[in-house]
Amino acid sequence: MHRVVALVQPVQSTFELGCAMEVFGTVRDGVPRYYEFDVCTEEPGTVPTTAGYALAVPRGLSALDDADTVIIPGWAPVEAPLSPRVREALLRAHARGARLVTICSGVFALARTGLLDGRSATTHWERAEQLRREFPAVRVEPDKLYVDHGDVATSAGAGAGIELCLHLVRRDHGAAHAALLARHMVMPPHRDGGQVRITPPARDELDDLLDWAGERLGTPLSVADLAARLNVSPRTLARRFQDRFGTSPGAWLLSRRVAEARRLLEDTDLPVDAIAARVGLASAVNLRRRFRDQVGTTPGAYRRAFRAPEPARAAS
């Protein structure tokens with residue numbers, strides 16, 4: 001399970017927090033659960049909110065120590081300083097590979113860590129000029145709904161926070177799962193070239209390698225093959241993968257094979273053994289084992305849950 005932890009502070013915006021909770025914390029019938037959601041604050045206890053009621057938040061900053069994604073759902077007032085303890089906790093989480101995400105004014109807190117220096121970011125259009133003025137090292141792009149750099153991501157106004165959260169789900173678990181979640185939320189699904197514009201990270205030879213490997217999943221690719229493609233040693237490749245993605249080349253390759261298997265289960269009638277061969281997992285037995293480890297269910301059960309129902313035929 002991917003742990004998502006929201007860092008809240010007085011006075012907490014309930015809508016921004018609700019955006020994150022709806023995407024990562026709400027359990028829905030028929031939707032596989034890949035995330036655990038929690039909330040923490042610097043001083044555990046009662047946290048007042050913009051809605052007039054208080055939140056009981058028993059967990060402190062130690063909750064960030066094992067978070068895979070940290071969300072800052074707004075930061076009010078935006079001029080509020082970042083305490084040394086909060087700054088250290090955020091930097092420590094980022095250093096060990098956690099993804100830091102902000103919704104709306106939460107970008108002001110993240111900017112105070114220095115992690116956005118030299119990078120593009122966005123926020124609500126009303127605050128864009130203030131962000132640019134206070135943090136001249138940050139390239140502010142107020143026309144963007146969200147900006148994702150992989151390790152850090154920022155969104156514009158609160159509604160754009162939902163778009164960013166769904167984008168992260170899509171990146172983590174594929175377009176089909178994100179679309180299923182969006183349907184349950186009665187949200188429009190994202191489509192390439194549609195209404196959502198993002199700032200893609202600059203491409204490098206590692207991106208080209210991922211594209212090359214993705215086109216050859218059906219072949220017996222190994223980590224050594226990936227390293228040879230870049231003319232580096234497997235150890236160097238492993239270090240670059242860890243720095244960029246927080247995982248190993250082998251783990252990425254397996255995850256990519258399982259993601260493609262999910263797509264084929266959703267979109268085709270291919271038998272499981274044919275899918276296993278097509279994604280490079282050799283046999284149905286191996287696919288079932290890997291699939292259960294990563295997805296938590298069997299290929300057959302996944303297909304039954306996610307195949308769109310065939311249109312009903314008119315009675316003759």
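How many bridges join strand E9 to E10, and do the two run parallel or antiparallel? The legends below take up this pairing and its surroundings in a predicted model.

**View 1. The pairing of strands E9 and E10.** Strand E9, which covers residues 146–148, is joined to E10 by three bridges, and the two strands run antiparallel. Within this pairing, Val147 has Thr154 of E10 as its bridge partner. The two strands form a hairpin in which three residues lie between them, and Gly150, located in the turn, has a positive phi of about 95°.

**View 2. Strand E10 beside strand E6.** Strand E6, made up of residues 99–103, is also linked to E10 by three bridges, but here the strands run parallel. Leu100 stands opposite Val152 of E10.

**View 3. The two covered faces of strand E10.** In this strand, which spans residues 152–155, Val152 and Thr154 are buried on one side, while Ala153 and Ser155 are buried on the other, so that both faces are covered.

**View 4. Cysteines without a disulfide.** With a disulfide taken as a pair of cysteine sulfur atoms within 2.5 Å, the count comes to zero. For Cys19, the closest cysteine sulfur is that of Cys165, and because the two sulfurs are 6.9 Å apart, they are too far from each other for a bond. Cys40 is likewise in no disulfide, the nearest cysteine sulfur, again in Cys165, being 16 Å away. Cys19 counts as buried at 2% relative accessibility, and Cys40 is buried as well, with a relative accessible area of 0%.

Note on methods: Residues numbered from 1 in each chain as written. Predicted model: local features only at pLDDT ≥ 70, side-chain atom pairs only at ≥ 80, totals over all residues. Heavy atoms only, no water. Buried < 20%, exposed > 50% of the residue type's maximum accessible area, 1.4 Å probe, protein only. Helix = DSSP H or I, 4+ residues; strand = E, 2+ residues; numbered from the N terminus. Pairing = 2+ DSSP bridges.
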